[in-house]
Amino acid sequence: MTRIKLENVTKVFGNTIAVDNVSLEINEGEFFTIIGPSGCGKTTTLRIIAGFELPEQGKIYFDDQDVTYLKPYHRNTAMVFQNYALWPHMTVYDNIAYGLRLRKVPEEEIKKRVKWALELVDLEGVEKRYPLQLSGGQQQRVALARALVVEPNVLLLDEPLSNLDAKLRVEMREEIKSLQKRLKITTVYVTHDQLEALSMSDRIAVMNKGKVLQIDTPTNLYFKPNSLFVASFLGRSNVLEGRVTGTLDNSMVRVYVDQLDKELIIYTHGGIETGKVHVVIRPESFELVEDLVDRDNIIEGIIEDSMFLGDKIEARVISGPAKLTIYLPNKTIVRQGQKVMLHIPPDRMVALPA
Amino acid sequence: MANATNTTDHYKIRDLLLVGLIGAVLYYIGVNYNIPDLDLIAWILAIIIPISMYKRGLDVEKLKYSFSLSFLSIVSYLYVFMVLLLRLPGIPKAISILLTPIVVVSFVYSVDTYLKKRKTARQEIKLPFSKKVKATLYSLDTLVIAFLVIGTVMLVVFLLAPVLIMLWNAFITPPGTPFYENFKTIFTTRKYIRLITFGESPWSFQYIGDEKVLVITGVNYGVLLNSLINSVIVTTVATILGIIVAFVLARYRFPGKTFLRILALVPLFVTPFINSYVIKILFSASGPISIITKNLFGFAVQIDSLAGVTIAQIMAFYPIVYLNAYASFLNIDPSMEEQAENLGAKGFKLFSTVTLPLALPGIAAGSIIVFIFSLEDLGAPIVFQERRLMSYLIYSGFTSETGVISPELAALGFVMLFLAVVSFLSIKNYVGMRSYAMISRGGRWKPRERKLGIKGLLVVYLILLPLIIWTAMPQIGVVLLAFNMMSPTGFYIHPEQATPTYFLELFQNPNIFIYIKNTITYALVAVFIATTLSIIIGYAVSRVKIRFITSALDALSTIPIAIPGLVIALGYYFFFATLFKGTPLDPTSGPTVFQAWIVLIIAYSIRKLPFVVRSVFAGFQQVHVALEEAALNLGATRRKVVFGIVLPLILAYIISGAIIGFIYISTEVSTSITIGSLRSDQAPMTYYMKNIYIGGQLAGIQYVAAMGVLLILFQLLAILIVILGLKQSYAFIGA
C-alpha cells in the first residue's frame with residue numbers, strides 16, 4: 001500500500017513537452033486512471049512513475065520517499081504493458097517466476113507463488129506453455145500474474161485491454177477491478193477508453209497536451225466537467241451559451257441561457273459571478289415530466305426525431321433556436337412532433353466560464 | 001522564400017543546365033578568342049541567374065527527390081571545388097561552369113532550409129542544458145554507456161583513423177610543390193586521364209598462328225576514366241540484365257522456373273580469381289563463342305583487357321541487381337498494378353509507369369553495390385592483366401620491390417573512396433526518401449503471376465535460359481577445373497580424366513594447406529570480433545535515444561559497405577606504418593618481421609562488419625523495448641536484461657550474422673592480397689588464389705580451382721544452416 005505523489009513534473013522530448021508541470025496525488029489502494037487522447041502524455045506519466053523516464057523537472061514520491069532518481073529495478077512497481085511484453089523464449093512459468101528469481105526467492109516458494117498468481121488470474125495449467133501458444137486474453141492474464149506475483153507496491157497498467165476484442169475487454173475490465181479491490185493495491189491505469197476509465201476507477205485524471213485538466217470521481221467528471229475539453233472527451237454533451245444573472249451559493253448560479261430563452265439554476269465549480277458561460281448538459285440529464293409543475297429548470301420542446309438504440313432512446317429536441325440531444329429510457333414512447341417538457345436537475349449540468 | 005514551394009514552379013532544372021551551358025560556351029569562346037571578360041561574365045551568369053530563378057520559384061524538390069539529380073549535384077559540388085582549387089583551365093573549367101548553377105541552387109536551398117529549421121527550433125522549450133543531460137544519462141546504465149564508448153572507440157580507431165591517415169598521406173608532396181600536387185597529378189596527367197587517344201581501336205583482327213582472331217580489348221582513356229567507364233558500363237548492363245531476369249522470374253509462370261531461379265543465383269558463389277579465369281577461357285579463341293563464330297564467320301573471338309574485365313564483372317555482379325529487383329517486384333502490392341490496369345494501363349505502359357518506379361529504390365540499392373564492387377574489384381583486372389585501372393594501380397603499390405606505397409596512391413585511394421561513398425550516400429538518401437514499395441496496408445498478398453504464352457516461352461527458353469546458364473558457367477567451370485575435367489588452357493571438356501587428386505592435395509600438401517588454415521583461423525577470430533562489436537553497436541544504436549551519437553554510430557557501422565577494400569588496405573597500411581613504426585605491426589618492417597595476421601584480422605572484422613551488424617540489428621529491432629522494460633520493472637539490472645532476455649531472444653540472428661560474416665571474410669580479396677603480400681607465409685587463401693597469374697605460370701590452376709570448390713562448399717553449408725537451421729534469410733551481398 002503506497003501513496004504516490006507527483007510534484008510539478010515536466011518531461012520534454014526534443015521540441016515537444018510530453019508532460020507539462022503535472023502534480024497529482026494517488027492515495028493508498030486507490031484505482032487511479034489517467035485518460036486522454038493519444039499523445040497527451042498519459043503513458044509518459046506512467047513511465048515516469050515506473051522510472052523508465054527521468055523528468056527534467058519535478059519530483060516523484062512513493063509515500064514519503066523521493067524516488068525521482070531511483071532506477072526502475074529498485075522501485076518495486078509492477079507494470080503491465082500494452083502488448084503484454086511476455087518473453088517469447090520463456091514458458092509461462094518462467095515468465096512469472098522471473099521477478100521472484102531476481103528476488104532470490106527459494107524455488108519451492110516460487111512454485112507456490114506462481115500457482116497462487118495463476119489462480120488469482122483464473123488461469124491454471126498453462127505453466128509449461130509458451131506465450132505464443134496462448135490466446136490474447138490468456139497472455140493478458142499471464143502478464144497480470146507476472147506483475148502481481150512479486151507483490152509490488154504499485155501496479156501500473158498501460159492500456160492493457162486495447163489489444164483485446166470488445167467482449168473480452170468487458171470481461172477483463174471487471175476482473176482487473178475485482179482483483180485490485182481484493183489485493184488493495186495502489187493502481188495507476190492508463191487508457192483512452194472512457195468506458196474503462198469510468199467503470200473501473202476511483203478517481204480519474206483527464207490529460208491533454210501534457211497537462212492535467214481535471215482530477216475527480218467518475219460521476220463528478222462526467223456530469224461536472226471543468227472544461228469543454230473534458231466534457232467533449234468523456235461522452236456526449238449539449239453545449240449552450242448563456243450569462244450569469246446571479247449566484248445562489250458557492251456552487252450554484254442562475255444562468256440565462258440565450259438559445260432556450262430561459263433562466264436555469266446550474267452547478268458551477270465556483271468562481272463565476274458574472275459574465276458569459278458555456279452550459280454543458282449531458283443527454284442523460286434530461287428528465288421527461290408530465291406537466292408544468294412549479295419547478296425550476298423546466299424547458300419545453302418538440303421532438304424532431306428519435307432513434308431506438310436498444311438500451312435507450314436518443315431523441316433530438318427543438319427548443320427555441322436550440323437543438324438538444326437527449327437520452328430517454330427505452331420504454332418511453334415518443335412521436336415525431338410531440339411536445340415535451342424536460343426537467344434538468346441543477347447538479348446534472350455545469351456552467352463553465354466562456 | 002516559402003513561395004519556392006508554394007507557388008507554381010516557374011523554372012525547371014533543365015533551365016538551370018541551360019544557363020550553365022550558356023556560361024560554359026561564353027567562357028570557351030572567351031578562352032579561344034582571348035576575351036578575358038567573358039570568363040567573368042560566365043561566372044556571374046552561372047551564379048546570379050540561378051539565385052534569382054530560385055527566388056522566383058524553381059522546381060527544387062526535383063533536385064532533392066530525383067536520385068540522378070541529387071547525385072549530380074553532390075558530384076558537381078566537388079568537381080567545381082576541385083577545378084577551382086587546382087586552377088584547371090580549358091574544358092574541365094567549362095564543365096565546371098556548366099555545373100555551377102546546380103551547385104549554387106542546391107547550396108542556396110540547403111542554407112534556406114537550414115535557416116527555416118533554425119526558426120522553428122527557436123521556439124524550443126527552454127530548459128537548463130544540465131537537466132536535459134541528466135535526464136538523458138538517467139536512461140543509460142553503465143553497461144549501455146560502456147557499449148557506446150567501446151563501439152565508438154573501435155570504429156573511430158580502426159575505421160575513421162586509417163582513412164584519415166591515408167588522406168593525410170595523400171597531401172604529402174615533394175618539396176616545392178603545392179599541397180594538392182598528388183591530386184593535380186591524378187586529374188591532369190595522361191596516365192590518369194587521356195581524353196585524346198592515338199587512334200587505338202577497341203578491337204582488331206590478329207593472326208595467332210594461322211588462326212584469324214577478332215581481339216576485343218576495349219578502350220584506354222587513362223586509369224581514372226578507364227575505371228569510371230568500366231564501372232558505369234558494368235552497372236548499367238548489370239542493372240538492365242538484372243531487372244529483365246527478375247521481372248520474368250517474378251511475374252511469369254513456366255515449366256522449369258524454380259530451376260532457373262536457383263541457377264541465376266550460382267554466380268553469387270564467390271570464387272575469387274578462378275571464376276574470372278574461367279570467364280577468360282570462355283571468351284578466348286578456344287572458347288565456346290569462338291567455336292560458333294569460327295564455323296559461321298571463319299574467325300575466332302577473344303575478349304581481353306578492359307573489355308574482358310567489363311564482361312567478367314557483368315557476369316559476376318548482375319545477380320546482385322537481380323536479387324534486389326526480384327524482391328522489389330514481389331514486394332509491390334498487386335492492388336497498385338490492378339488499379340493502374342483498371343484505369344487502362346497495360347503492357348509496357350503499366351511496367352514503366354507503375355511497376356518499375358515502385359521497384360526502383362530496391363533496384364537502385366543493388367545497382368550501387370555493383371558500382372562499388374566493380375570499382376574496387378581486383379579479381380578480373382588481375383586475371384585479365386588490365387593494369388590501367390585504379391584498383392590494379394593501387395594493388396601494384398603493395399607488390400612493388402620496395403613495399404613502400406607512394407602518397408600518390410594514397411591520393412588515388414581517396415579518389416576511389418570518394419567516388420564510392422558519394423554514390424553510396426546519394427543512393428541511400430534517394431532510397432530512404434522513396435522506400436514506398438513497402439507502404440501499403442499490411443497483410444500478405446499473392447504475388448501477381450501469369451502463365452507465359454508460346455512467344456514468351458520461346459523467349460525464356462531461347463534467350464533467358466542460355467543467358468542464365470552462361471552466367472553460371474564460371475562456377476561450373478571452376479568445379480570442372482578442380483576435378484581436372486576441363487583443360488586449364490581452353491574450353492576442352494574431358495570428363496573421363498576426372499580426379500579428386502587436386503582437391504585432396506589441398507589438405508595433404510602443407511605448402512597449400514597453410515593458406516586454408518590461415519583463412520579459417522583469421523575468419524573465426526575476425527567473426528568473433530565482428531559479432532561482439534555488432535552486438536555492442538547494435539544494442540547501443542537501437543536503444544540509446546541520443547540522436548547524433550547513435551546516428552553517427554549507425555552510419556559508421558554500415559559505411560564499410562561503401563568503402564572499397566583497397567582503401568581499407570591503404571588506410572591500414574598507412575595507419576600501422578605511421579602509428580606503429582618500428583614494431584612488428586609496421587607493414588614496412590619486412591616480410592619476416594611484419595605480423596600481417598593481426599592487421600588482417602582487424603581489417604576483416606571492420607570491413608565485413610556491416611554484414612554482421614545488419615543481421616544482429618534486425619534481431620534487436622524484433623525485440624520490443626517493452627520486453628526489456630518488463631524485466632527492468634521486475635527488478636532486473638541492465639546486464640541481466642541484455643544477457644538474460646535480449647541476447648537469448650535474438651540468438652538465431654546473431655548466429656546467422658556470424659555465419660554470413662565468416663563467408664564474406666573467408667572470400668575477402670582486397671586486403672588479403674595486399675596486406676597479405678607483405679608477409680606471404682601469413683597470407684590467406686585468396687592470396688594463394690591470386691598467384692595463379694604471377695609470371696604467367698599456370699601449373700597450379702587446378703589447386704586454385706579446388707580452393708574455389710572449397711569456398712563454394714563453405715557457402716553452400718552456410719546457406720543451408722542459415723535458411724534451414726536458423727530459419728533466417730541468407731543475406732547475399734547487397735540483397
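**Confidence**

pLDDT is the predictor's confidence in each residue, on a scale from 0 to 100. I need that first, as this is a predicted model, where local features require pLDDT of at least 70, side-chain atom pairs count only at pLDDT 80 or more, and totals for chains, interfaces and linings use all residues. Residues are numbered from 1 along each chain as its sequence is written, chains are lettered from A and ligands numbered from 1 in written order, and side-chain values use heavy atoms, with hydrogens and water left out.

I looked up the scores for the complex. The predictor gives an ipTM of 0.82 and a pTM of 0.82. For chain B the mean pLDDT is 84. In that chain, 92% of the residues reach 70 or more.

Where does chain B fall under 50? I found residues 1–7 of chain B. The model still gives them eleven contacts beyond four places in sequence (contact: heavy atoms within 4.5 Å). Residues 437–443 of chain B are also below 50. That stretch has eight contacts beyond near neighbours in sequence.

**Five-stranded sheet, chain A**

I turned to an open sheet of five strands in chain A, with the order S15-S19-S16-S17-S18. Strands here are DSSP runs of E with at least two residues, and helices are runs of H or I with at least four, both numbered from the N terminus. Two strands pair if DSSP finds at least two bridges between them. The pairing in this sheet is antiparallel. S15 (287–289) and S18 are the edge strands, each pairing on one side only. Neighbouring strands are turned by 50° against each other on average, direction ignored (axes are lines fitted to C-alpha atoms, for helices over the stretch in contact; angles run from 0 to 180 degrees between N-to-C directions).

I followed the strand partners through S17(A). Strand S16 (residues 298–308) pairs with S17(A) over six bridges. Ile303(A) stands opposite Val317(A) there. On S18(A), the bridge partner of Val317(A) is Leu324(A). Eight bridges join S17 (residues 312–319) to S18(A). These two strands form a hairpin with two residues between them. Gly320(A), in the turn, has a positive phi of about 65°.

**Six-stranded sheet, chain A**

I then checked a second open sheet, with the order S6-S7-S8-S3-S9-S10. Its pairing is mixed. The edge strands are S6 (77–80) and S10 (211–216). Neighbours are turned by 20° against each other on average, direction ignored. S3 (residues 31–35) and S9 (residues 203–208) run parallel, joined by four bridges. Thr33(A) stands opposite Ile204(A) in S9(A). Helix H4 (residues 136–148) lies across S6 and S7 (154–158), at about 175° to S6(A).

**Aromatic rings**

How many aromatic pairs does the structure hold over all chains? I read 41. Rings of Phe, Tyr and Trp (its six-membered ring) pair if their centres lie within 6.5 Å; planes under 30 degrees apart are stacked, over 60 edge-to-face, the rest tilted.

Tyr222(A) and Phe223(A) are edge-to-face, at 5.0 Å centre to centre and 90° between the planes. Tyr222(A) counts as buried at 14% relative accessibility. Phe223(A) also has 14% and counts as buried.

Tyr502(B) and Tyr703(B) are edge-to-face, at 5.3 Å and 75°. Tyr502(B) lies in helix H21 (residues 501–508) and Tyr703(B) in helix H32 (residues 701–725), so the pair ties together parts 201 residues apart in sequence. Tyr703(B) counts as buried at 16% relative accessibility.

I logged one aromatic cluster in chain B: Phe171(B), Phe179(B), Tyr180(B), Phe183(B), Phe414(B) and Phe418(B).

Last, charges over rings (NZ of Lys or CZ of Arg within 6 Å of the ring centre and within 35 degrees of the ring normal). Arg282(A) lies over the face of Tyr222(A), at 4.2 Å from the ring centre. Lys312(A) lies over Tyr327(A), at 4.7 Å.

How values were computed: Buried < 20%, exposed > 50% of the residue type's maximum accessible area, 1.4 Å probe, protein only.
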